[in-house]
Amino acid sequence: MADVTLDAGAANCGRLIGFVVDALAQLAPGQTLGVMTYDPSSQVDLAAWCRMTGHQLRSITPVADHVELVIEKTQKVKEASHGTRDDPQHARQG
């Protein structure tokens, strides 16, 4: 069972990640966030986001009409923005 639960409804991709980021900001490292979502592709989005940021995806549970995921907030999270816009390797030339 998660420490806090977020019902993300049908939010997907960017909106879903934003909701998760805001919810995790309220937690201490080691605490868990349960995410309930009705978008089946969200499990792929959140798994990738966890790999990029360093948070731990603890479980994915399909339920009749939704998916429940549990994410653990980790101590050593990559705090920098993600994406090529903030990546010096992809900086604009000129």
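How many helices and strands does the protein have? It has two helices and four strands, where helices (H or I, at least four residues) and strands (E, at least two) are DSSP runs numbered from the N terminus. This is a predicted model, so local features need pLDDT of at least 70 and side-chain atom pairs count only at pLDDT 80 or more, while totals for chains, interfaces and linings use all residues. Residues are numbered from 1 along each chain as its sequence is written, and side-chain values use heavy atoms, with hydrogens and water left out.

**View 1. Four strands make an open sheet with mixed pairing, in the order 1-2-4-3.** Two strands pair if DSSP finds at least two bridges between them. At the edges sit strand 1 (4-9) and strand 3 (56-63), each pairing on one side only. From one strand to the next, the twist averages 20 degrees. Strand 3 runs antiparallel to its partner, strand 4 (residues 66-72), and the two share seven bridges.

**View 2. Here are the two helices against the sheet.** Helix 1 (residues 13-25) lies across strand 1, strand 2 (32-37) and strand 4, at about 155 degrees to strand 2. Helix 2 (residues 42-53) also packs on the sheet; it touches strand 2, strand 3 and strand 4, and its direction makes about 10 degrees with that of strand 4. For these angles, axes are lines fitted to C-alpha atoms (for helices, over the stretch in contact), and values run from 0 to 180 degrees between N-to-C directions.

**View 3. Zoom in on Ile-71, a residue of strand 4.** Ile-71 is buried, with a relative accessible area of 0%. Its bridge partner is Leu-57. Skipping residues up to four places away in sequence, Ile-71 touches a list of residues including Val-20, Leu-24, Leu-33, Val-35, Leu-46 and Cys-50. Take Leu-24: it is 47 residues from Ile-71 in sequence, yet their C-alpha atoms are 8.8 Å apart in space.

**View 4. Glu-72 and Arg-58 join their side chains in a salt bridge, at 2.7 Å from N to O.** The rule asks for a side-chain nitrogen of Lys or Arg within 4 Å of a carboxyl oxygen of Asp or Glu, and by it the count comes to one salt bridge. Side chains of opposite charge can pair when their charged atoms come close. Glu-72 belongs to strand 4 and Arg-58 to strand 3, so the pair links distant parts of the chain, 14 residues apart. Arg-58 is partly exposed, at 48% relative accessible area.

**View 5. Thr-74 sits in the segment after strand 4.** Is Thr-74 buried or exposed? At 13% relative accessibility, Thr-74 counts as buried. Its side chain reaches the backbone oxygen of Gly-54 at 2.8 Å. Leaving aside neighbours within four places in sequence, Thr-74 is in contact with Pro-29, Gly-54, His-55 and Gln-56.

Technical notes:
Contact means heavy atoms within 4.5 Å. Buried means under 20% relative accessible area, exposed over 50%, partly exposed in between (1.4 Å probe, protein chains only). A polar contact is a pair of N or O atoms within 3.5 Å; within protein, one must be able to donate a hydrogen and the other to accept it, and residues adjacent in sequence count only if both atoms are side-chain atoms.
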